[in-house]
Amino acid sequence: EQFDAMLASHTTTSEAAREYFATHSVASLAQRELTGLVWELFIILRSLGPTPLDDSRVLFGIPLALLAVATMAARRRPEHRLLLVWGLLHWVVFAWYVPIAAGERFVMPLLIPLLAIAADGLVRLWPTSRTSRLRALVILGILWCACWAIATCVSSSLSQRLS
């Protein structure tokens with residue numbers, strides 16, 4: 001509604017910025033950014049997890065993000081530095097807008113590169129012998145299916161209780 005009022009009164013962006021800075025202290029500006037940084041980090045981590053789990057997706061996103069960061073630190077390639085710069089800029093800039101418009105649609109450009117780097121790191125952690133690789137794949141597949149089934153059941157039962 002503030003935007004519509006600005007358009008109706010022909011307020012320019014610079015006038016709106018001057019009015020905002022005149023009515024807010026430096027402490028309130030810093031508080032908004034710091035709060036936004038925490039929420040934006042949560043949004044980024046949550047976006048890495050599987051969609052049906054809603055906010056608990058962050059539990060999948062944390063290890064994937066840690067794996068991506070560890071891979072970038074170990075390999076130190078130019079594309080990793082570029083993604084790090086993109087990620088930090090995204091985090092800082094969009095943290096300011098969390099009270100206005102927060103969502104995973106803003107994270108989408110970072111999602112595929114982050115998941116690709118996490119996958120690269122996971123492959124590099126993989127056992128080298130063929131039999132141990134096959135055994136590890138089977139065990140990981142079974143664990144993934146079990147975790148997914150449990151998480152889905154818990155999520156659906158919680159949804160039914162809350163309804």
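**Exercise 1. Is H10 buried or exposed, and what is its relative accessible area?**

Before we start: this is a predicted model, where local features need pLDDT of at least 70, side-chain atom pairs count only at pLDDT 80 or more, and totals for chains, interfaces and linings use all residues. Residues are numbered from 1 along each chain as its sequence is written, and side-chain values use heavy atoms, with hydrogens and water left out.

Step 1: find the residue. H10 sits in the loop between helix 1 (2–8) and helix 2 (13–23). Helices here are DSSP runs of H or I with at least four residues, numbered from the N terminus.

Step 2: H10 has a relative accessible area of 67%, so it is exposed. The cut-offs are under 20% for buried, over 50% for exposed, and partly exposed in between, using a 1.4 Å probe and protein chains only.

Step 3: check the backbone. Phi of H10 is near 60 degrees, a positive value in a residue other than glycine. For background, most residues other than glycine have a negative phi.

Step 4: You'll find R76 in the loop between helix 4 and helix 5 (78–96). With 63% relative accessibility, R76 is exposed.

**Exercise 2. Work out where the model's confidence is lowest and highest.**

Step 1: take the overall score. The protein averages a pLDDT of 82, and 94% of the residues score at least 70. (pLDDT is the predictor's confidence in each residue, from 0 to 100.)

Step 2: go by element. Helix 7 has the lowest confidence, with a mean of 73, while helix 3 has the highest, at 89.

**Exercise 3. Find the largest nonpolar core and follow one of its members.**

Step 1: count. The largest nonpolar core has 13 residues. Such a core is a set of buried Ala, Val, Leu, Ile, Met, Phe, Trp, Tyr and Cys residues joined through side-chain atoms within 4.5 Å.

Step 2: follow L83. Neighbours within four places aside, L83 is in contact with M72, L110, P113, L114 and I117.

**Exercise 4. Go through the salt bridges.**

Step 1: count them. The whole structure holds four salt bridges, each a side-chain nitrogen of Lys or Arg within 4 Å of a carboxyl oxygen of Asp or Glu.

Step 2: start with D55 and R46. Their closest N and O atoms are 2.9 Å apart. D55 is partly exposed at 36%, whereas R46 is buried at 17%.

Step 3: visit a contact of R46. R57 touches R46 along with L45, G49, P50, T51 and E104, leaving aside neighbours within four places. R57 lies in the loop between helix 3 and helix 4, and R57 is buried at 6%.

Step 4: move to E79 and R77. This salt bridge is 3.0 Å, N to O. E79 is partly exposed at 39%, and R77 is partly exposed at 35%.

Step 5: finish with R124 and D120. They meet in a salt bridge of 3.2 Å, N to O. Both sit in helix 6, four residues apart, about one turn of the helix. Shared partners link R75, D120 and R124 into one network of salt bridges.

**Exercise 5. Find the nonpolar patch on the surface.**

Step 1: name its members. L134, L137, V138 and I142 form the patch, with about 390 Å² of accessible area together. Patches take residues with over 30% relative accessible area and no salt bridge, joining like charges within 9 Å and nonpolar side chains (Val, Leu, Ile, Met, Phe, Trp, Tyr) within 5 Å. Accessible areas come from the Shrake-Rupley method with a 1.4 Å probe, and for residues only the protein chains shown count as cover.

Step 2: L137 lies in helix 7 (residues 130–162).

Terms used
Helix = DSSP H or I, 4+ residues; strand = E, 2+ residues; numbered from the N terminus. Contact = heavy atoms within 4.5 Å.
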